[in-house]
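Please go through these points with the coordinates open.

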Amino acid sequence: MLSDTATDVFEEHRPLLMGVAYRMLGRVADAEDVVQDAWLRWSGVDRSTVRESRPYLVRVTTRLAIDRLARIKARDEAYVGPWLPEPYATDFGDTVPDGAERAVLADTVSLAVLVVLESLSPLERAVFVLREAFGFPFADIAAMLDRSETAVRQLAGRARRHVAERRPRFEVDPVQRRELTERFLAAASGGDLDALMELLAPDARLVGDSGGKAKAPVRVLESAVGRFLLGAARKGVEDVSYRFLELNGGPALLVLSGDRPDCVFQLEVGDGRIQAVYVVRNPDKLRALPA
């Protein structure tokens with residue numbers, strides 16, 4: 001039997017470990033598996049040899065996530081259509097009291113940034129997550145990854161430049177984003193094309209992720225996004241209802257068919273208009289969401 005102290009220490013750090021694992025993998029089930037594997041390592045280690053539990057657990061979790069990334073890449077080679085991260089509930093509550101820290105955590109878990117992180121090497125991704133999201137010193141990251149501090153700084157620089165070049169360049173008020181999401185729902189569900197076109201930027205795009213297991217565009221839509229959305233709304237969802245959630249650091253719209261999640265909409269907003277619509281319809285990615 002594990003001591004209550006050992007269990008309590010792990011549970012205290014579980015949100016941090018899940019945050020690291022999800023940002024590394026972009027998949028909730030895989031992140032949960034990694035955290036469970038970290039628990040097994042923790043339960044079997046001689047804790048008298050562990051000087052500090054937090055860096056030790058983050059080190060174990062990060063290395064397990066790096067190993068798992070290779071298997072995920074092989075598994076996803078045959079993925080049908082665009083890929084988006086699995087929606088992840090991020091209601092930080094009172095665990096992150098500082099507004100600046102909350103903004104950083106929300107940004108590094110956004111769909112747009114996680115898509116960019118997919119193009120990094122596993123080591124670059126690990127360094128970016130540990131440094132940019134959680135603020136670990138370079139010396140600590142070097143120890144976690146068994147790399148020199150110089151090498152870690154170089155990895156961080158490359159990763160930061162790569163993300164900066166490809167991430168959205170919009171500063172958005174969360175209140176405005178929620179308001180636009182509500183207006184988006186009203187226009188789409190009400191069949192109001194004019195209202196919808198007012199919300200969409202001229203070059204707005206739609207990214208739909210179904211994994212070939214539900215109806216969604218198999219390519220990114222670069223035009224006629226409004227007409228596509230209204231066409232999909234007219235076909236309707238049986239026994240439809242809607243729920244607003246905080247997912248991936250921002251407001252999201254969950255569409256329910258009865259008590260079953262049908263899809264998730266999340267908007268990328270800039271200059272007061274919708275720049276991109278992300279739609280997750282792969283049922284495997286919706287199972288963890290509250291109905």
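1. Asp-239 counts as exposed because its relative accessibility is 58%. The cut-offs, with a 1.4 Å probe and protein chains only, are under 20% relative accessible area for buried, over 50% for exposed, and partly exposed in between. Asp-239 sits in the loop between α11 and β2. Helices (H or I, at least four residues) and strands (E, at least two) are DSSP runs, numbered from the N terminus. The phi of Asp-239 is positive, near 50 degrees, and the residue is not glycine.

2. This is a predicted model, in which local features need pLDDT of at least 70, side-chain atom pairs count only at pLDDT 80 or more, and totals for chains, interfaces and linings use all residues. Residues are numbered from 1 along each chain as its sequence is written, and side-chain values use heavy atoms, with hydrogens and water left out.

3. Asp-271 also deserves a look. Its phi is positive, about 55 degrees, although Asp-271 is not a glycine. The residue lies in the loop between β4 and β5 (273-280). Asp-271 is exposed because its relative accessible area is 70%. Most residues other than glycine have a negative phi. Please check both loops by eye.

4. Now the overall fold. The protein has 11 helices and five strands. Its radius of gyration, 20 Å, is close to the 19 Å that the globule rule gives for 291 residues, so the protein is as compact as a globular protein of that length. The radius is taken over C-alpha atoms, and the rule is 2.2 Å times the number of residues to the power 0.38. Along its principal axes the C-alpha trace spans about 65 × 40 × 40 Å.

5. Burial and contacts come next. Of the 291 residues, 47% are buried. Take the contacts between residues at least 6 apart in sequence: 66% of them join residues at least 24 apart. Contact here means heavy atoms within 4.5 Å.

6. How far apart are the end C-alpha atoms of helix α8 (residues 149-166)? They are 26 Å apart, which agrees with the 26 Å that its 18 residues should span at 1.5 Å a residue. The expected span is 1.5 Å times one less than the number of residues. Buried residues in α8 are Val-152, Leu-155, Ala-156, Gly-157, Ala-159, His-162 and Val-163. Their cover includes α5 (111-117), α6 (122-133) and α7 (138-145).

7. Gly-157 belongs to helix α8. With a relative accessible area of 11%, Gly-157 is buried. From Gly-157 to Val-277 the C-alpha distance is 30 Å, and 120 residues separate the two in sequence.

8. Helix α6 has 12 residues and reaches 16 Å from first C-alpha to last, close to the expected 16 Å. Among its buried residues are Ala-126, Val-127, Phe-128, Val-129 and Leu-130. Gly-135 follows α6 and has a positive phi, near 70 degrees.

9. Beyond neighbours within four places in sequence, Glu-124 contacts Leu-155, Arg-158 and Ala-159.

10. Is Arg-125 buried or exposed? It counts as buried, at 1% relative accessibility. Leaving aside neighbours within four places, its contacts include Arg-23, Met-24, Leu-25, Gly-26, Leu-69 and Leu-114. The C-alpha atoms of Arg-125 and Leu-114 are separated by 9.9 Å, with the residues 11 apart along the chain.

11. Finally, the second largest pocket. It holds about 680 Å³ of space. A pocket is an open set of points on a 1 Å grid over the protein atoms alone, where a 1.4 Å probe fits, with protein on both sides within 12 Å along at least five of seven lines; lining residues have an atom within 4 Å of a point. Grid points are joined across faces, edges and corners, and the volume is the space filled by probe spheres set on them.

12. The lining of this pocket has 26 residues, with Ala-232, Ala-233, Val-237, Phe-265 and Arg-281 nearest the centre. Elements giving two or more residues include α9 (174-189), β1 (200-209), β2 (240-247), β3 (250-257) and β4 (260-270). Helix α11 gives the most, six residues. By class, the lining has 18 nonpolar, four polar and four charged residues. Nonpolar covers Ala, Val, Leu, Ile, Met, Phe, Trp, Tyr, Cys and Pro; charged covers Asp, Glu, Lys and Arg; the others, Gly among them, are polar.
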